[in-house]
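Subject: Structure handover

Hello,

Here is the structure I promised to pass on. Please open it first, then read the notes below.

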Amino acid sequence: MYNEIFDRKVDDIGLQTGIDRLTPEKIEKTIKQVLESETGAKLKVYNDTCVRCGMCAQACHYYMSHLDPSYSPVAKIHQSIKVLIDRAGKVGPDFIYQCAQIAYTECNLCRRCVHYCPLGVDTAYMMSTMRRICHKLGVTPQYIQDTAHSHSATMNQMWVKDDEWTDSLLWQEEEARDEFPDMRIPLDVDGADMMYSVIGPEPKFRTHLIYQAAAIFHEAGLSWTMPSLPGWDNSDMAMYSGDFEMMGRLKRSHFECAQKLHVKRIVMGECGHAFRSVYDQGNRWLGWSDYPVEVVHSVEFFAELFKAGKIKMQDKHPGKVTIHDPCNIIRGRGLMEHLRYLAHEICEEVVEMSPSAEYNYCCAAGGGVINCGPPFKNVRMEGNKIKADQLKAAYDKGVRTILAPCHNCHGGLEDIIHHYGIEMDIKFLGDIIYTNMVKTKAVE
Amino acid sequence: MYHSIYDLVTGPLTWLGFGVLVLFGLYKMISMYSLAKKKDGSSIFYVKAKYGIRSILQWIIPFGTTGWKANPALTAATFVFHICLLATPIFLGAHIDMWDYNFGVSWPALPDQVADIMTVLVIAACCFFAYRRIADKNVAFVTTWKDWFALCVTVSPFITGFLAYHQIFNYQFMIVLHVVTGVAWLLFVPFGRLSHAIFGWYSRVYIASEFQGVRHVKDW
């Protein structure tokens, strides 16, 4: 594979500037350093024992969309990290460009392929290691690097300044006065039952989601708070850029924020990757066997509220709704039953996609791919025709709404439905719950 | 001349084969485990036997997993291949006679005709694997000399054993070649692609623990 021309190179200033700075010596030294000091038996075993059976191909949405063998999970390994291991780092800068493009933009780390592998090879782990090497070499797509820089400069993903954060919350509280005169978005309440944490794009682009969550908590009469200081953002693009040091800092900051407020637990908004960082990767990088403050995803949390009768629906969402299962909370955390319980509680009719639950096809946005920005938008669109086919099949059954409790999935699915002309709406759980719940504390 | 070569291959060379298999196999297992303890602490911390056993049981049931169900022909070939690959040499009458002659231990043998059919099945499965390596574009794309080497090493003792049993070509040459290729098989199990015989269990237990223990979802 090394000598073949990579025929789908996408121009990206971050990748290009990165490889322009490389020398063969630096490449070899960095790769050896990562392989020797940061990887162990896992990588060796996977690299040696994968029998190249090709069973993983059909698991991957990129392969299923292109039907080109170079997109199968094993092929992505074959064209990137395997070569680095076999050649002990003796590769040129152009090859690093290829590795980076494959690892950052042609794999969503969704782990669907693991369900198909008879030997349990964790392709996502190998791709993450590939990204780690690229990060250490300074070869990362421009947009995701900008996000990682934002994390390191501001401790949030979107360059939101401290005063802008609280300003957004106060703005939403003020907005709510017309509907819920007594509603507050409590800040820094010591000893509250829960701290609500969101991702950077919520105050930046989707502020209404904070309003909706606050309205639901207000209606349920909960003791809750949001933090006013850094740590409020639970997102973690550093995990995906390969900047694990920053990933550790982010998670520490998130948990310390909750600990300072002495809250009983953290409830996270409808995000997938941030949850992965908390339960799977960030905590382990820090050497924690578990996290110091209990963390609950909003899918579980909303299910709790419904089961306890704290939230009731006035009406159910009309028409047929299908569920898009986000990889990081379903395949990553087994929340499919919670999600189905909620979907049936809040929607008139639920039509399952095929395949669904832990076997669902990825949105092609997660794993940091959407964060690699406009240069790679077509990679996502062409690489996820299979998702469009899946959605069209649901559309043909009369489904007009997709329920997707994950920000990345929203971004990815919105692009897909526009690109392929599928007239469907995408909803968060909070969208439907807020719109249709019984609002005992609202005026009018 | 023939007798001295035969004695050499069935004596010291076979000892070497079993010696390397056992010693290097053990060495590689232990060294890999200690490397995992040293470097992959945040992974093996979560490893639990019950998850691993559950996963292994699921995967050794034909068509018991997503992967097996999605690939029926490959699944059938894989199961037939592995069962015959292990059972034929262990339960072949001629092999048991040698164990009996050398060490005084013996166990029930398969009827020769059955062993013969099983040998053909191994060869047929390997032909199928070879066909996939060429004809299936996904497999062809990632196939290297290592995969062909592993396939050749695996099938050679079965081809030579079959030819020797049926006295096709020169028996004396073929039986020596059979022992030599059999020893090569033993020598290479701990290395490269064939090492999945040893480490496949490791990776299965590990990924099962990640999926079932950490992610609360099944790994199949």
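In which helix of chain A is Ser253(A) found? Ser253(A) is in helix α14 of chain A. Helices here are DSSP runs of H or I with at least four residues, strands are E runs of at least two, and both are numbered from the N terminus.

Some ground rules. This is a predicted model, where local features need pLDDT of at least 70 and side-chain atom pairs count only at pLDDT 80 or more, while totals for chains, interfaces and linings use all residues. Residues are numbered from 1 along each chain as its sequence is written, chains are lettered from A and ligands numbered from 1 in the order in which they are written, and side-chain values use heavy atoms, with hydrogens and water left out.

Back to Ser253(A). Its relative accessibility is 13%, so Ser253(A) counts as buried (under 20% relative accessible area; exposed is over 50%, partly exposed in between; 1.4 Å probe, protein chains only). Leaving aside residues up to four places away in sequence, Ser253(A) touches Met155(A), Pro230(A) and Gly231(A). Contact means heavy atoms within 4.5 Å.

Next, the helix pair. α14(A) covers residues 244–260 and α15(A) covers residues 273–285. They pack at an angle of about 110°, with axes 9 Å apart. Axes are lines fitted to C-alpha atoms, for helices over the stretch in contact, and angles run from 0 to 180 degrees between N-to-C directions. The two helices are therefore roughly perpendicular (65 to 115 degrees). On the α14(A) side, the contact includes Phe244(A), Met247(A) and Phe255(A). On the α15(A) side, Val278(A) and Trp285(A) are among the residues involved.

Now α15(A) itself. This helix bends by about 40° at Tyr279(A). The bend is the angle between axes fitted to the seven residues ending there and the seven starting there. α15(A) has 13 residues, but its end C-alpha atoms are only 16 Å apart. A straight helix would reach 18 Å at 1.5 Å a residue (1.5 Å times one less than the number of residues). Twelve of the 13 residues are buried, so α15(A) is largely enclosed by the rest of the structure. Tyr279(A) is one of those buried residues. Just after α15(A), Gly287(A) takes a positive phi of about 85°.

Finally, chain B. Its secondary structure is eleven helices and zero strands. Of its 220 residues, 45% count as buried. Its C-alpha atoms fill a box of roughly 60 × 40 × 35 Å, taken along the principal axes.

Best wishes

Notes. Parallel < 35°, antiparallel > 145°, perpendicular 65-115°, else oblique.
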